[in-house]
Amino acid sequence: MNLTIDVTNKEHKSIVALSGEIDAFTAPKLKENLLPLTKEEGQTIEVDLQNVNYMDSTGLGVFISALKSTKEHGSELKLVHMQERVHRLFKITGLTEIMNIDSTVQGGI
Amino acid sequence: MEPFDFIEVKVPAKAEYVGVVRLSTSGIANRMGFSYEDIEDLKVAISEAITNAVKHAYLESDEGEITIGFGVYEDRLEVMVADHGGSFDLSKIKKDIGPYQQNDAIEDLREGGFGLFLIDALMDKVEINSKYGVIVLMTKYLHENEVGQDGDQVSTTQ
């Protein structure tokens, strides 16, 4: 019931590998780590969700604020390797329309 | 009256206990024979209700308790989530829920606005009472005939 956040910085690209659960308890920590990365112009932030096995609206909220921040600062946010269950929440809420989500969903049908 | 088992869990109104109740929910739903998909839906819906109650308690600066009641019936699970804080403006909250619409500006997106919408989308029936504190009552039915149909799908997604 925790979330591990692993950030790898490359030139113009940050890879944020997440592992665990994103909920009301872990979302503030994620926001704290993710938002500063979006404030650099020209930076691409790739969030790897392969090992995230639970997420709810608190996670959606973090990605929405990160997306807003990228628009403001001229950076880019990408969500990759999302599990089917997590992807479903983006679909239900209509956020697949505005988020850059890698289409190869893990465990999809 | 219809026979049912009742399980009550009380946790402090703090974010770190949302996951604890999620695990209890998963255990009860699994015991009842819900499918993997339905259990995941229940986990999200109940976490959303508790998250709302935690935020509510925080706004009221009230380090209170949240009571979660599970009604285990033959054909359904009823979950009640109650906080005992002051009342809140339900009509305002209802106005703020809904999915993203294509013509909404990204700047106007509500970062915390999807909780109640998800509860509504993932459960079969949802009732909210905000007279004394806030009580969310959610129901999910056991669709037994669907379990067989979903069987293959479950094994291939593991």
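The structure is a predicted model. For the complex, the predictor reports an ipTM of 0.90 and a pTM of 0.84.

**The sheet of chain B**
- Five strands of chain B form an open sheet in the order 1-2-3-5-4, and their pairing is antiparallel.
- Strand 1 (5-12) and strand 4 (125-129) of chain B each have a single partner strand and stand at the edges, so one side of each has no neighbour in the sheet.
- On average, neighbouring strands of this sheet are turned by 15° against each other, direction ignored.
- Strand 1 of chain B is joined by eight bridges to strand 2 (residues 65-72) of chain B, and the two run antiparallel.
- Pro12(B) has Glu65(B), in strand 2 of chain B, as its bridge partner.
- Helix 1 (residues 18-32) of chain B lies across strands 1, 2 and 3 (76-83) of chain B, at about 170° to strand 1.

**The largest nonpolar core**
- This core has 62 residues, of which Ala45(B), Ala49(B), Ile50(B) and Val81(B) touch the most other members.
- The most residues, eight, come from helix 2 (residues 36-59) of chain B.
- Leaving aside residues up to four places away in sequence, Val81(B) touches Ile46(B), Ala49(B), Ile50(B), Ala53(B), Ile66(B), Ile68(B) and Val136(B).

**Confidence in chain B**
- The average pLDDT of chain B is 80, and 68% of the residues score at least 70.
- Among the elements of chain B, helix 1 has the highest mean pLDDT (97), whereas helix 5 (residues 144-157) has the lowest (46).
- Residues 147-158 of chain B have a pLDDT below 50, and this stretch has nine contacts in the model beyond near neighbours in sequence.

Terms used:
Residues numbered from 1 in each chain as written. Chains lettered and ligands numbered in written order. Predicted model: local features only at pLDDT ≥ 70, side-chain atom pairs only at ≥ 80, totals over all residues. Core = buried A, V, L, I, M, F, W, Y, C linked by C-beta atoms within 7 Å. Buried ≥ 20, exposed ≤ 12 C-beta atoms within 10 Å, placed from the backbone. Helix = DSSP H or I, 4+ residues; strand = E, 2+ residues; numbered from the N terminus. Contact = placed C-beta atoms within 7 Å. Pairing = 2+ DSSP bridges. Axes fitted to C-alpha atoms, helices over the stretch in contact; angles between N-to-C directions. pLDDT = per-residue confidence, 0-100.
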